[in-house]
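Subject: Structure handover

Hello,

Here is the structure for you to look through. My notes follow it.

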Amino acid sequence: MDFVTAEDNVRLAYDDAGQGTPLLCLPGLTRNMEDFEPVLEHYGGHVRVIRMDFRGRGASDFADPATYTPMQEARDVIALLDHLGLERVVILGTSRGGLVALMLAAMGRARLAGVIFNDIGPEVMGAGLSNIMDYLGKPPQFSSLAEAAAAMPVLYDGVFRNVAPRQWADLVRRIWREEGGKLHLRYDPKLRDAVAPAFAPDAVAPDLWPLFDALDGLPLGLIRGAQSNILSAETAAEMRRRRPDMAFVELGDRGHVPFLDEPGARAVIDAVLERVA
């Protein structure tokens, strides 16, 4: 793991491994680079896999919560690319990471070689936002990683199927840290204050479709969990209508978000990487 310093002196953690086409992996709202361990394991032998922790998450510095915005996070991405001397990268964006990719369509499109959206699009379902606010910034309800892993099949019954115990164990290890006989968040709890206004029931969502359209000409991929409460089937269909050349898969046994170790997810990633190469 290495660090790059953002324009406001916030240290941002990243990992850079492998050789080949640069694939920049951007995690979800509360998640971190470890979500992309399956990507590194599968692609690290022939792709340059770069994983990043957004400010306030994972190993990156906590910062002024007012800077926990997709626009600032997009500027942080550009800072990392400049630090690494990379002109263009393919972005694999999970949830929030995909929204940051949309910001880059306006702020730094020339830095994009392609974009793969993992269960996210220009419109976000209200049900998913409400679910996020149910847990965002709150202490974990479990006392240990083992307890959390054992509870996952029940909590996600009907949403995630065909998930091995090892996969659940890996997931909870990436989400929480166990220390002193209890679990701890791996992100700044003040993230809740930063996003709460945008997640309010009466908040007016910005129109992100022009940013999606600005990706015209770039190889695109879309991975959707069939039980997603963030990316609706209707939004995915509209994305496909606008970009019929976009690689796409809908995973019937996944919700928000797919793990990226699924064969269908890898097929989408492969399709975009092949077009870029």
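Which helices each supply at least two residues of the lining of the second largest pocket? They are α3, α4 and α7 (191–199), where helices (H or I, at least four residues) and strands (E, at least two) are DSSP runs numbered from the N terminus. A pocket is defined on a 1 Å grid over the protein atoms alone, as an open set of points where a 1.4 Å probe fits, with protein on both sides within 12 Å along at least five of seven lines; lining residues have an atom within 4 Å of a point.

This is a predicted model, in which local features need pLDDT of at least 70 and side-chain atom pairs count only at pLDDT 80 or more, while totals for chains, interfaces and linings use all residues. Residues are numbered from 1 along each chain as its sequence is written, and side-chain values use heavy atoms, without hydrogens and water.

Pockets

The second largest pocket holds about 790 Å³ of space, a volume being the space filled by probe spheres set on the grid points, which are joined across faces, edges and corners. It is lined by 29 residues, with Leu99, Leu129, Ala198, Phe199 and Pro206 closest to its centre. Helix α4 gives the largest share of this lining, five residues.

The largest pocket has a volume of about 1,000 Å³. Its lining has 40 residues, and Arg31, Asn131, Tyr135, Tyr156 and Ile175 lie nearest the centre. At least two lining residues come from each of α4 (126–135), α5 (145–155) and α6 (165–175).

Sheet

Eight strands form an open sheet in the order β1-β2-β4-β3-β5-β6-β9-β10, with mixed pairing; two strands pair if DSSP finds at least two bridges between them. At the edges are β1 (2–5) and β10 (247–251), each pairing on one side only. Strands β6 (residues 112–118) and β9 (residues 220–225) are parallel and share four bridges. Phe117 has Leu222 in β9 as its bridge partner.

Helix α3 (residues 96–107) lies across β3 (21–26), β5 (89–94) and β6, at about 140° to β5. Such angles run from 0 to 180 degrees between N-to-C directions, with axes fitted to C-alpha atoms, for helices over the stretch in contact.

One residue

Arg174 is in helix α6. Is Arg174 buried or exposed? Arg174 is buried, at a relative accessible area of 9%; buried means under 20%, exposed over 50% and partly exposed in between, with a 1.4 Å probe and protein chains only. Leaving out residues up to four places away in sequence, Arg174 touches Asn32, Glu34, Asp35, Glu37, Pro38 and Arg186, where contact means heavy atoms within 4.5 Å.

Regards
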